[in-house]
Amino acid sequence: MTNLNLVQKYGPWVTVTGASSGIGRAFALKLARQGFNVHITGRNQQSLADLKEQLKEQTQILIHTTIADLSTDDGIERLINDANTLDVGLLVHAAGAESHGAFNDGDINQELSLLDLNIRSTYRLAHHFSEKFVSRGKGGILLVSSLTGHFHSPYFANYASSKSYVLTLGNSLHHELKSKGVDVSVLSPGLTYTPMYENIAKDIDWSKTPMKASSPEFVVEYALKSFPRKVNIIPGTGNRISAVFGQRILPRFFGKQNESLFRKAMKAH
C-alpha cells in the first residue's frame, strides 16, 4: 500500500493528537502533504496556531484545531465533540507524557496525571473512534507507544508501564477489529529528537548510553510506510533488535543491564 492510498482508504479527515510538537507535529505535516484534511489537537495554543499557518502555506487542505488537555475529562470530551463534526477516518494518537528518575522520588500528582494522559485518554479515544469506525465498516487507528514499553525500564518505570498498556491495547484491538474493517497498529519509537528528549537530557547523559536518536520525520516516514501492514511498528534496526531481546529472549538480563546503564548515566544534581 502506498502512502497516497491511506487517504483513499481512510479519508478525508485525520485526527492527530499531540500535534503541538515532536512526532505528533511531524505526523500532521506529513499526512497533510499526502492529502488528508487534518484535525490537529494539543495543549499549546501558540504551537498549534504556528502549525496551522505552516499547513496553510504548504498545502491546500482543510484544518481544524482543538485546544485540549487530554489528561482531563473535559479535554477528551472537547476533542471527541469536535471530531464528531468532521468525517474522520483515521486517528493518530501521539499525545503523551514522560517521566524518569528514581521511582520513589517521583511527584505523585504528576505521575497520576501521566497515567491519565498515556492510559486513560488512549482508552477513551480508542473506544470512541473504534466504535465510530466499526459502525461505518472502515477506519484506521495508529497508537503511539514507546520502545520502553517492550521491556523492563528501570528509572522510567511509570512511563514505560503506561506505554506497555498502549502496546497491549493496540495489539489486542488489531486482532479484534480486523474483521470489522478497522486497522489498528502501534508505533513504538526509540529515542527521538523531541521536547521529550530535551527534557530527559537535563538529567541523563545520553553519551553514556549506546542509544542513538532519530528525527521525528524519520519516525513518521517509517510509520506511514508500515501502516497498516505491520501491527508493531518500530523504526530503526537497533531498536527492533532491542525490542526482541528485551521482550522475548533475555528480559531479566535486559532489565538488569538497563538499570546499571541508566544509573550511571544519571547526572548528579
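**View A. Lys256 in helix 10.** K256 is placed in helix 10, which spans residues 251–265, helices (H or I, at least four residues) and strands (E, at least two) being DSSP runs numbered from the N terminus. At 61% relative accessibility, K256 counts as exposed, where exposed means over 50% relative accessible area, buried under 20% and partly exposed in between (1.4 Å probe, protein chains only). The C-alpha atoms of K256 and S153 are separated by 9.0 Å, although the two residues are 103 apart along the chain. This and the following views show a predicted model, in which local features need pLDDT of at least 70 and side-chain atom pairs count only at pLDDT 80 or more, while totals for chains, interfaces and linings use all residues. Residues are numbered from 1 along each chain as its sequence is written, and side-chain values use heavy atoms, with hydrogens and water left out.

View B. Seven strands form an open sheet in the order 3-2-1-4-5-6-7, with parallel pairing. Its edge strands, each pairing on one side only, are strand 3 (63–67) and strand 7; two strands are taken to pair if DSSP finds at least two bridges between them. Six of the six residues of strand 6 (residues 182–187) are buried, so this strand is largely enclosed by the rest of the structure. Both of its faces are covered, with V182, V184 and V186 on one side and D183, S185 and L187 on the other.

**View C. Neighbours of strand 6.** Strand 5 (residues 139–144) runs parallel to strand 6 and is joined to it by six bridges. The chain passes from strand 5 through helix 6 (residues 157–177) to strand 6 in a right-handed β-α-β crossover, a term used if, with the strands pointing away from the viewer, the path from the first strand over the helix to the second runs clockwise.

View D. Helix 2 (residues 22–33) has 12 residues and reaches 17 Å from its first C-alpha to its last, close to the 16 Å expected at 1.5 Å a residue, the expected span being 1.5 Å times one less than the number of residues. Nine of its 12 residues are buried, including F27, L29 and L31. Because K30 lies in helix 2 and E221 in helix 8 (residues 216–226), the pair ties together parts that are 191 residues apart in sequence. E221 also forms a salt bridge with K225, with 3.5 Å between the closest N and O atoms.

**View E. The salt bridge of Lys178 and Asp183.** The side chains of K178 and D183 meet in a salt bridge of 3.0 Å, N to O. K178 is partly exposed at 42% relative accessibility, whereas D183 is buried, with a relative accessible area of 6%.

Notes: Salt bridge = Lys/Arg side-chain N within 4 Å of Asp/Glu carboxyl O.
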